[in-house]
Amino acid sequence: MTVDPNAATQSFPPSQPAHRSPGAARFLVPALVAAVVAVGLGAYGKVHDPAGTAFNLAGFSSTGAVKSWLATTAFFFALVQLASALMMYGKLPGPSWAPVLHRWSGRVAFLVAVPVAVHCLYALGFQTYEPRVLWHSLLGCFFFGAFSAKMLFLRAERLPGWLLPIVGGLVFAVLTAIWLTSALWFFRTFGVTT
(Lines give C-alpha, C1' and ligand atoms only; values in the text may rest on other atoms or scores of the structure.)
Protein backbone atom coordinates (compact mmCIF):
# COMPACT_ATOMS: atom_id res chain seq x y z
CA MET A 1 0.00 0.00 0.00
CA THR A 2 1.41 3.36 -0.95
CA VAL A 3 0.43 6.73 0.41
CA ASP A 4 0.44 9.82 -1.75
CA PRO A 5 2.11 12.56 0.37
CA ASN A 6 0.53 15.27 -1.80
CA ALA A 7 -3.06 14.07 -1.31
CA ALA A 8 -5.42 16.32 0.61
CA THR A 9 -5.88 15.23 4.18
CA GLN A 10 -9.26 14.32 5.55
CA SER A 11 -10.21 14.71 9.14
CA PHE A 12 -11.97 11.82 10.73
CA PRO A 13 -14.52 12.21 12.16
CA PRO A 14 -15.73 15.30 10.28
CA SER A 15 -14.65 18.51 12.01
CA GLN A 16 -18.19 19.92 12.03
CA PRO A 17 -20.45 17.80 14.24
CA ALA A 18 -23.87 17.24 12.78
CA HIS A 19 -26.51 19.13 14.79
CA ARG A 20 -29.09 16.77 16.09
CA SER A 21 -32.59 17.91 16.73
CA PRO A 22 -33.52 18.19 20.40
CA GLY A 23 -34.55 14.81 21.72
CA ALA A 24 -37.77 14.04 23.50
CA ALA A 25 -35.80 13.29 26.69
CA ARG A 26 -35.10 17.00 27.01
CA PHE A 27 -38.82 17.50 27.71
CA LEU A 28 -39.73 14.10 29.07
CA VAL A 29 -37.23 13.95 31.94
CA PRO A 30 -38.35 17.26 33.56
CA ALA A 31 -42.00 16.24 33.10
CA LEU A 32 -41.36 12.87 34.75
CA VAL A 33 -39.43 14.48 37.61
CA ALA A 34 -42.30 16.95 38.09
CA ALA A 35 -44.81 14.11 38.22
CA VAL A 36 -42.70 12.09 40.67
CA VAL A 37 -42.22 15.10 42.97
CA ALA A 38 -45.91 16.09 42.90
CA VAL A 39 -47.25 12.56 43.36
CA GLY A 40 -44.59 11.75 45.98
CA LEU A 41 -45.50 14.79 48.07
CA GLY A 42 -49.21 14.04 47.75
CA ALA A 43 -48.73 10.38 48.67
CA TYR A 44 -46.60 11.30 51.69
CA GLY A 45 -49.17 13.86 52.81
CA LYS A 46 -51.99 11.33 52.44
CA VAL A 47 -50.39 8.34 54.23
CA HIS A 48 -48.55 10.37 56.89
CA ASP A 49 -50.31 10.67 60.24
CA PRO A 50 -50.59 14.48 60.70
CA ALA A 51 -48.72 15.73 63.75
CA GLY A 52 -50.86 18.87 64.20
CA THR A 53 -47.88 21.22 64.29
CA ALA A 54 -44.42 21.31 62.84
CA PHE A 55 -43.07 24.69 63.94
CA ASN A 56 -44.01 27.96 65.52
CA LEU A 57 -42.12 31.21 65.67
CA ALA A 58 -41.95 33.54 68.62
CA GLY A 59 -44.12 36.61 68.18
CA PHE A 60 -46.85 34.84 66.21
CA SER A 61 -50.19 33.87 67.71
CA SER A 62 -50.51 30.57 65.82
CA THR A 63 -48.92 28.35 63.25
CA GLY A 64 -51.64 29.53 60.84
CA ALA A 65 -50.38 33.10 61.23
CA VAL A 66 -46.76 31.99 60.71
CA LYS A 67 -47.68 30.06 57.57
CA SER A 68 -49.80 32.92 56.22
CA TRP A 69 -47.05 35.51 56.67
CA LEU A 70 -44.38 33.23 55.22
CA ALA A 71 -46.66 32.42 52.27
CA THR A 72 -47.32 36.15 51.79
CA THR A 73 -43.57 36.80 51.80
CA ALA A 74 -43.06 34.06 49.20
CA PHE A 75 -45.89 35.52 47.11
CA PHE A 76 -44.33 39.00 47.33
CA PHE A 77 -41.01 37.66 46.03
CA ALA A 78 -42.91 35.79 43.30
CA LEU A 79 -44.37 39.16 42.24
CA VAL A 80 -40.80 40.49 42.09
CA GLN A 81 -39.97 37.43 39.96
CA LEU A 82 -42.81 38.25 37.59
CA ALA A 83 -41.78 41.90 37.25
CA SER A 84 -38.10 41.06 36.74
CA ALA A 85 -38.99 38.38 34.16
CA LEU A 86 -41.02 40.95 32.24
CA MET A 87 -37.99 43.26 32.38
CA MET A 88 -35.69 40.51 31.12
CA TYR A 89 -37.99 39.79 28.17
CA GLY A 90 -38.30 43.48 27.31
CA LYS A 91 -41.98 43.79 28.26
CA LEU A 92 -41.21 46.30 31.03
CA PRO A 93 -38.37 48.80 31.24
CA GLY A 94 -35.83 47.76 33.80
CA PRO A 95 -32.24 47.91 34.97
CA SER A 96 -29.43 45.80 33.56
CA TRP A 97 -29.37 43.84 36.82
CA ALA A 98 -32.93 42.50 36.32
CA PRO A 99 -31.61 38.93 35.74
CA VAL A 100 -29.80 39.02 39.11
CA LEU A 101 -32.95 40.34 40.77
CA HIS A 102 -34.92 37.54 39.09
CA ARG A 103 -32.58 34.80 40.32
CA TRP A 104 -32.34 36.07 43.89
CA SER A 105 -36.03 36.82 44.32
CA GLY A 106 -36.76 33.29 43.10
CA ARG A 107 -34.32 31.81 45.58
CA VAL A 108 -35.84 33.78 48.45
CA ALA A 109 -39.40 32.88 47.40
CA PHE A 110 -38.50 29.19 47.29
CA LEU A 111 -36.61 29.23 50.59
CA VAL A 112 -39.53 30.94 52.33
CA ALA A 113 -42.07 28.55 50.75
CA VAL A 114 -40.27 25.39 51.89
CA PRO A 115 -41.08 25.70 55.63
CA VAL A 116 -44.71 26.36 54.73
CA ALA A 117 -44.83 23.19 52.62
CA VAL A 118 -43.06 21.16 55.29
CA HIS A 119 -45.58 22.34 57.86
CA CYS A 120 -48.51 21.61 55.56
CA LEU A 121 -47.32 18.10 54.75
CA TYR A 122 -46.04 17.12 58.19
CA ALA A 123 -48.57 18.84 60.44
CA LEU A 124 -51.71 18.69 58.31
CA GLY A 125 -51.16 16.15 55.54
CA PHE A 126 -53.05 15.99 52.25
CA GLN A 127 -56.58 17.05 53.21
CA THR A 128 -59.79 16.80 51.17
CA TYR A 129 -62.57 17.73 53.63
CA GLU A 130 -63.72 20.79 51.67
CA PRO A 131 -63.11 22.07 48.12
CA ARG A 132 -60.77 24.94 49.14
CA VAL A 133 -58.57 22.58 51.14
CA LEU A 134 -58.58 19.94 48.41
CA TRP A 135 -57.51 22.51 45.80
CA HIS A 136 -54.87 23.87 48.15
CA SER A 137 -53.44 20.37 48.69
CA LEU A 138 -53.44 19.55 44.97
CA LEU A 139 -51.92 22.88 43.97
CA GLY A 140 -49.25 22.69 46.68
CA CYS A 141 -48.02 19.32 45.39
CA PHE A 142 -48.27 20.50 41.78
CA PHE A 143 -46.28 23.67 42.59
CA PHE A 144 -43.22 21.79 43.80
CA GLY A 145 -43.41 19.44 40.81
CA ALA A 146 -43.66 22.34 38.35
CA PHE A 147 -40.86 24.18 40.16
CA SER A 148 -38.64 21.09 39.85
CA ALA A 149 -39.33 20.95 36.11
CA LYS A 150 -38.51 24.65 35.74
CA MET A 151 -35.17 24.19 37.48
CA LEU A 152 -34.31 21.30 35.16
CA PHE A 153 -35.34 23.29 32.08
CA LEU A 154 -32.99 26.10 33.15
CA ARG A 155 -30.05 23.73 32.70
CA ALA A 156 -31.17 22.30 29.35
CA GLU A 157 -29.71 23.57 26.08
CA ARG A 158 -31.48 24.59 22.88
CA LEU A 159 -34.96 24.84 24.35
CA PRO A 160 -37.67 26.71 22.47
CA GLY A 161 -37.71 30.36 23.53
CA TRP A 162 -41.34 30.16 24.67
CA LEU A 163 -40.86 27.24 27.10
CA LEU A 164 -39.31 28.95 30.14
CA PRO A 165 -41.81 31.85 30.17
CA ILE A 166 -44.68 29.35 29.96
CA VAL A 167 -43.34 27.11 32.73
CA GLY A 168 -42.37 30.13 34.88
CA GLY A 169 -45.82 31.63 34.35
CA LEU A 170 -47.41 28.33 35.36
CA VAL A 171 -45.32 28.20 38.54
CA PHE A 172 -46.32 31.80 39.34
CA ALA A 173 -50.02 31.13 38.63
CA VAL A 174 -50.04 28.04 40.85
CA LEU A 175 -48.27 29.88 43.69
CA THR A 176 -50.86 32.65 43.38
CA ALA A 177 -53.69 30.12 43.66
CA ILE A 178 -52.00 28.53 46.68
CA TRP A 179 -51.71 31.93 48.34
CA LEU A 180 -55.37 32.71 47.59
CA THR A 181 -56.54 29.41 49.09
CA SER A 182 -54.40 29.72 52.21
CA ALA A 183 -52.95 33.03 53.36
CA LEU A 184 -55.64 35.29 51.90
CA TRP A 185 -58.32 32.93 53.23
CA PHE A 186 -56.65 32.99 56.67
CA PHE A 187 -56.43 36.82 56.75
CA ARG A 188 -60.06 37.18 55.64
CA THR A 189 -61.27 34.59 58.17
CA PHE A 190 -59.13 35.42 61.22
CA GLY A 191 -57.97 38.94 60.43
CA VAL A 192 -54.52 40.25 59.62
CA THR A 193 -52.82 39.12 62.80
CA THR A 194 -49.36 38.00 63.74
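Biologist: How many aromatic pairs does the structure hold?

Modeller: The structure holds 11 aromatic pairs; rings of Phe, Tyr and Trp (its six-membered ring) pair if their centres lie within 6.5 Å. This is a predicted model, so local features need pLDDT of at least 70 and side-chain atom pairs count only at pLDDT 80 or more, while totals for chains, interfaces and linings use all residues. Residues are numbered from 1 along each chain as its sequence is written, and side-chain values use heavy atoms, leaving out hydrogens and water.

Biologist: Why is the pair of Phe76 and Phe77 called edge-to-face?

Modeller: Planes under 30 degrees apart count as stacked, over 60 as edge-to-face and the rest as tilted. The planes of Phe76 and Phe77 stand at 80 degrees, with the ring centres 5.2 Å apart, so the pair is edge-to-face.

Biologist: What makes Phe76 partly exposed?

Modeller: Buried means under 20% relative accessible area, exposed over 50%, and partly exposed in between (1.4 Å probe, protein chains only). Phe76 has 47%, so Phe76 is partly exposed. Phe77, with 24%, is partly exposed too.

Biologist: How do you know that the charged end of Arg132 sits over the ring of Trp185?

Modeller: A charge sits over a ring if NZ of Lys or CZ of Arg is within 6 Å of the ring centre and within 35 degrees of the ring normal. The charged end of Arg132 is 3.6 Å from the centre of the Trp185 ring. Likewise, the charged end of Arg107 sits over the ring of Trp104, 4.6 Å from its centre.

Biologist: Which aromatic cluster includes Trp185?

Modeller: Trp185 forms one cluster with Trp69, Phe186, Phe187 and Phe190.
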